[in-house]
Amino acid sequence: MKKVFLAVLIFLILLIGFLVAAPFIFKDKIIAAVNEEISKNVDAEVSFSDIDISLLSSFPDVSIEIENFKISGKDTFENVVLAHVEQMLLDLDVISVINAEHYKINHIKINKPNIFLKTLKDGTSNTDIFTQSTSSTQETESSSFALQLTKYEILNAYFKIEDAQTHTNIHVNNLTHTGKADVLSSGEELLMHTNTTIDSLYTNYEGISYLNWVALEAKCDVHCDSKNEIYTFKDNQIALNTFKLFIDGGIKTINQDDLQLDLNILSKESSIKELFSLVPAVYKHDFNGLESKGTFTFDAHINGILNEEKTPGFVLNLTINDALIKYPDLPSDIHDFNLDMHVKNPSGDPDHTVVDVNTFSALIDQNQLQGNWHTKTPISNPYVKADLVGKIDFTSLQKIIPLEENEKIQGLMDADLHLNGHISDIENENYEQFIAEGFLELSDFVYQNNNQGPYQIAHTRLEFSPQALHLKDFDFKTKNTDISATGELHNYLAYYLREDPLKGKLTTSSNLINLNDFSSSEETTEASADTLYEVLEIPGNIDFELTSTAQKVIYENKTLENVSSKLQIKDHQLDFKDLSANLLGGHLEMKGVYHTKDISKPYYELDMRIQKFDVQQTTSTFDFINSMAPVVKRASGAYSKTMKLQGFLDTQMEPDLSTLSGEGRINTHQMIVENLPALSTLANKFGLDKYKQLDLNNINVFYKIVNGAIEVSPFDCKIADAKANVSGKCSLEQDLDFKIQTILPASKLGGMAGGLSALLGSKASALIPNEIKANILITGKTDDPKIKLDFSEIFSDQKSMINQQVDQVKEQFKAGVDQGVDKAKEQAREKAEQLIKQAELQASRIRSEAKNVANSIRSKANAEAAKLEQSAKNPLAKIAAKKAADKIRNQANKKANRIESEADQKANSLIQKAKDQAARLN
């Protein structure tokens, strides 16, 4: 017995030891398999902070915990997070782990996933991250992981879907979804039990909110016949707020592309209160105390084939009878509410859709509103018959629905509208065959809440005819803003029903438009890191013209006066015409185009004329000017400017600098630039403060933009009362490459001027001018310029002076022949020796100065290299730093050696020329 007990104890110890040690044994294999699957199947940035493996918590399965799992996109979606999962737990079949061939996943738990699915207008999606086989004939490799789920959980999830191609926007807040599979006796059939809760769900399609932050609860059981690929629903329940829907039917896979749908959706509840829970304004205010009467019925049926080209047929019926809703603390109600709506499409062909709203009527307080709507053949030749008659006193809404604190609405709407006919009659200008008559009128309307308004429409009236929708007047005010408008829209019905071309025009006028009046008082939040700016697409089926005038327009800190503009939208193009305004102490005229015929490469052209803008007003009003053109913020005076630009934008609406081109001209008026970094560096070099000022009065500068740089043609100006000629270029990244041809004081040139005097001798030294021509070369960045002086013209002058002195010596020699040949030769010999001596002295100074410059370059490079090496903190960084430091030293040595070599050549040439001249004297 004792031996048996000891054997059991040893077995338990070994088992516990195995359970503890196994995760360490298998961890590397599992991590390698995970990384292999990711690299093989996913083309995205994938990361996770840690993977923990345990046998104890899930025995006999292997439990894997992955923390902070993140998938981010590339290229267009760079830095956009597709998915971030705080914690992911997977239970693997232990035998599959030991075999290390295919890992079977039995259970998945995903905690706090944040999913963002985004599709751009061109169809590009951040979900396009899965790699495809390079050969269509190559057999697809099997995955190392296989699903064999008996249970899965998704907890506290957030989903966001933005699809610009289908105009769909979906937000899901705090979703919890669990599923459990029961394997049936056949072994090939499962019964999936799922439960789903969502705190708030928002869905918007083509600008219409179908579900507006509703709560959802769903309990669905699905019978899965994997052999026949049939999935059956029975008595599944979905609750939207308190509105309950029941779903039964099934989905069958016909082939790889086709699904057969047969679904029934109906509401078994008949209380009108349940239906009205879907109305946000009703549901969020004391919904439990809401009094309601009346009944409703709802059912929908979907039957047919679903694939990429076909949709199934459907029928939808909604009937409301004598409904009433009333809040207990409010004096009035909505009553006698009736609706009889039927939508059907038996074949799935969109043109076979028929919409019949036979009855719509309601009494809002004592205001009667009634109408009907009938539509058929919406694709081939839409037929519409609609009537809307009634009046609404918006003040009475406050008696029916509770408003927010400080929320106010009032005014009167009067509608009497009748439509009847086929759209083809309008297109063929058979206006007598189509009835479109009536009006929609709004007067004394006011809306206000805590953050907006008050918005006031004193009066507006829309009149309908077969030819057009006429805006007869529009009188709008809010705070300091007033706008009046008239206009018309042609082909409005065909545009609404089947997106046929819409043509119209609108004329507005205003005394003051203060765009700050429309800002919300609520604190705005910054765009999240995953925000993408999409291309603003100009529709191809709109031909619209907007003409506007305003005495004054205010936006943030910008004030424009006498504003007029004409804009036209047509054929995917926005055309700015005759935009003009007074601002910044001057006048602006602008025109241009922006078109999106190729949505992947939006194109723009801009033609701008500016007259006498004040420089300081420009910099204080437009902050971006300070970063794009730092010289402007250090200037005073005024400027006029013409500019033409053209190029393409990328998919983020940013200029593609490789395609940017343009040209223009700037005229300055009493402009002075002071303390520009480049000028300050120059002034400090010569110890003269007056060099910190650049006089740009009455300058006419031509510039052009080529290959992402602004190239400035040569122009004349003054630096410290000296004439200067400036030319060069500045990249849009603020890289400088400028040359200034000007005159510098010889007294500030140090040993260079003294050496020149010694070279020329005591008599010729008087020829040295007080000011010497020089080129100032400016490189580096605008805020960190590098200054280099180019004295190539000085050396040219030296040669001229030497030749001039030699000629003088020759003349003196000839003049002294009569005084004695011997004496003349002696003088010539002395002069020749003096020439050689002075040349050697000047050569020595040239070499000395070059050596000083070269040593300075080497010293700076060594200091920079040492600093780089010292900043490295780990062995790998130190190796990389040493290579970079060696490169800095080698480049500096090459530059220093080149300077010394050039100086040595110049010195030798100077001595040789002196010797040649001396030989001719002897």
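Which residue forms a salt bridge with Lys-118, and how far apart are the closest N and O atoms? The partner of Lys-118 is Glu-162, and the closest N and O atoms are 2.7 Å apart. A salt bridge here is a side-chain nitrogen of Lys or Arg within 4 Å of a carboxyl oxygen of Asp or Glu.

## Basis of the model

This is a predicted model, in which local features need pLDDT of at least 70, side-chain atom pairs count only at pLDDT 80 or more, and totals for chains, interfaces and linings use all residues. Residues are numbered from 1 along each chain as its sequence is written, and side-chain values use heavy atoms, with hydrogens and water left out.

## The chain as a whole

The chain has 13 helices and 38 strands. Helices (H or I, at least four residues) and strands (E, at least two) are DSSP runs, numbered from the N terminus. Of the 922 residues, 39% are buried. Buried means under 20% relative accessible area, exposed over 50%, and partly exposed in between, with a 1.4 Å probe and protein chains only.

The accessible surface of the chain is about 51,900 Å², and carbon and sulfur atoms hold 53% of this surface. Accessible areas come from the Shrake-Rupley method with a 1.4 Å probe; for residues, only the protein chains shown count as cover. Among contacts with a separation of 6 or more, 54% are between residues 24 or more positions apart. Contact means heavy atoms within 4.5 Å.

## Salt bridges

The structure holds 10 salt bridges. One of them is the pair of Lys-118 and Glu-162. Lys-118 lies in strand β5 and Glu-162 in strand β6 (residues 145–163), so this pair ties together parts that are 44 residues apart in sequence. Lys-118 counts as buried, at 3% relative accessibility. Lys-118 and Glu-162 also belong to a network of salt bridges with Lys-160.

Another bridge joins Lys-781 to Asp-735, with the closest N and O atoms 2.7 Å apart. Because Lys-781 lies in strand β37 (residues 771–781) and Asp-735 in strand β36 (residues 735–745), the pair ties together parts that are 46 residues apart in sequence. Lys-781 is partly exposed, with a relative accessible area of 34%, and Asp-735 is partly exposed with a value of 34%. The side chains of Asp-571 and Lys-597 also meet in a salt bridge, at 3.6 Å from N to O.

## Aromatic rings

A pair of aromatic rings is described by the distance of the centres and the angle of the planes. Rings of Phe, Tyr and Trp (its six-membered ring) pair if their centres lie within 6.5 Å; planes under 30 degrees apart count as stacked, over 60 as edge-to-face and the rest as tilted. The structure holds nine aromatic pairs. Phe-243 and Phe-298 form an edge-to-face pair, 6.3 Å centre to centre with 70° between the planes. This pair links distant parts of the chain, with Phe-243 in strand β11 (residues 243–253) and Phe-298 in strand β13 (residues 291–306), 55 residues apart. Phe-243 is buried at 5% relative accessible area, and Phe-298 is buried at 17%. Ring pairs link these two residues and Phe-296 into a cluster.

Two charged side chains are placed over rings. The charged end of Lys-160 sits over the ring of Phe-116, 5.0 Å from its centre, and Arg-461 lies over the face of Phe-439, 4.3 Å from the ring centre. A charge sits over a ring if NZ of Lys or CZ of Arg is within 6 Å of the ring centre and within 35 degrees of the ring normal.

Leu-175 is found in strand β7 (residues 168–183) and is buried, with a relative accessible area of 11%. Leaving out residues up to four places away in sequence, Leu-175 touches several residues, including Leu-155, Phe-159 and Ile-198.

Asn-111 lies in strand β5 (residues 103–119) and is buried, with a relative accessible area of 15%. With residues up to four places away in sequence not counted, Asn-111 touches Val-85, Glu-86, Gln-87, Leu-155 and Asn-156.
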